[in-house]
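I opened the notebook to look up a fold, a surface and a few residues. My plan was to go from the whole chain down to single residues.

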Amino acid sequence: MQKPPTASEAQKTAMRNHKEACERKQKEEKIMINKFRQRVEDKISNFIKDGTKPYLQFDSMDQMYRSIIRDVAETAGVQVISFGQEGIDRYSVIYLKDKGPSEDELTVRRNGGIWDDEKALEMAKKREFDKLAQQEDVVERGKKRKNNEELSGMFYKQKYAHLIGQEAALDAAHKTNVNKSYGEVPSENKKDQRSIEQTMADIKAKKMKKIETDKLLDVTENV
């Protein structure tokens, strides 16, 4: 049985050079990562010491570098949030623990927008405009409700004017609107305004009328 062919000196040299090149590349990448990590640590440290800046934004980069930023941020005790699309423009932003992003900032960044002082002012103006518009809408709805109540009273006037008179109908419509919280009938109209003597006289008259009616019925039945 023949032995496998041994590698020539040229092949051995090529393999050795390739291995050495891979090792050099790994060392260079490790040095580069360590330098990147040191720069991130310095930036975050200065950001914390300054304490006046609302955020610290890094450029878009690969996930490996963003993971280093996240690791340093968590060690330093600050917030880190990433925005953008993976593999295209995803980037990391650092915030102090007690000074996170506003709802406006989150909305703009998540929609792919750029957040800066100019954008913050624009969003603040928009929020104030929306607030004023909402207040005006409330006032307008109040006016419409009031107008509807007045129209309801005028409809009452027009409907019953031919029966109770124009002036009486207008007065009734006014009372209906004023006492709306007590129902369509004014509360004054629900009270018995008669005196005791008048009440007794009315009761007596009703009894007499009933007696006469009963007698009339008896006569009719006997006929």
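I started with the overall build: the protein chain has six helices and three strands. I noted how these are assigned: they are DSSP runs numbered from the N terminus, helices being H or I with at least four residues and strands E with at least two. I then read along the sequence and wrote down the pattern α-β-α-β-β-α-α-α-α.

Before going on, I noted that this is a predicted model, where local features need pLDDT of at least 70, side-chain atom pairs count only at pLDDT 80 or more, and totals for chains, interfaces and linings use all residues. Residues are numbered from 1 along each chain as its sequence is written, and side-chain values use heavy atoms, with hydrogens and water left out.

Next I checked burial. Of the 223 residues in the protein chain, 18% count as buried (under 20% relative accessible area; exposed is over 50%, partly exposed in between; 1.4 Å probe, protein chains only).

I looked up contacts too (heavy atoms within 4.5 Å). Among contacts in the protein chain with a separation of 6 or more, 42% join residues 24 or more positions apart.

Then I picked Arg66, which lies in helix H2, residues 63–76. Is Arg66 buried or exposed? Arg66 counts as buried because its relative accessibility is 7%. Leaving out residues up to four places away in sequence, I listed what Arg66 touches: Met61, Ser82, Glu86, Arg90, Tyr91 and Ser92.

Last, I turned to helix H3, residues 103–110, where Asp104, Glu105, Leu106, Val108 and Arg109 are the buried residues. Just after H3, I found Gly112 with a positive phi of about 85 degrees.
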